[in-house]
Amino acid sequence: MVLRRAAWVGLAMLGADAAAADPIVGEWRTMDGSLADIGKCDAGFCIVMKTGDWPGRQIGALKASTPGRYSGSVTDPRDDRTYSGRATLSGNTLKLTGCALKIFCQTETWSRN
């Protein structure tokens, strides 16, 4: 009986973790072919480069605003400038946009790896 209860609690916790996983979490292929990892951090999600010229470098921090939409900041690792950022998730495609002064924007489209 104790073993069954422990197994049930373990399964319930597994289900809770799976349900808590956000669709943006995972490994993404950037436009230049590098890999970036998006995972939970603090109260949102951090973008950390896995490969390419900046492995291990955090290049963004986002929070969910509505389902499939995120906002926060993104950093261009080439010049170390941080911009107002937003991301839109549609299936296995992520459109990541960084803007300076909310009018000069650049968007990259990433795909789930």
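This is a predicted model: local features need pLDDT of at least 70, side-chain atom pairs count only at pLDDT 80 or more; totals for chains, interfaces and linings use all residues.
**Exercises on a buried serine and the salt bridges**

With a relative accessibility of 8%, serine 34 counts as buried, where buried means under 20% relative accessible area, exposed over 50%, and partly exposed in between (1.4 Å probe, protein chains only). Residues are numbered from 1 along each chain as its sequence is written, and side-chain values use heavy atoms, with hydrogens and water left out.

**Exercise 1.** Find what surrounds serine 34.

*Solution.* Begin with the contacts (heavy atoms within 4.5 Å): leaving aside neighbours within four places in sequence, serine 34 touches Trp28, Arg29, Met49, Thr51 and Gly52.

**Exercise 2.** Which residue forms a salt bridge with glutamate 27, and which parts does the pair tie together?

*Solution.* A salt bridge is a side-chain nitrogen of Lys or Arg within 4 Å of a carboxyl oxygen of Asp or Glu, and the partner of glutamate 27 is lysine 50, with the closest N and O atoms 2.5 Å apart. Because glutamate 27 lies in strand S1 and lysine 50 in the loop between strand S3 (44-49) and strand S4 (58-66), the pair ties together parts 23 residues apart in sequence. Finally, check accessibility: glutamate 27 is partly exposed at 23%, and lysine 50 is partly exposed at 40%.

Notes
Helices (H or I, at least four residues) and strands (E, at least two) are DSSP runs, numbered from the N terminus.
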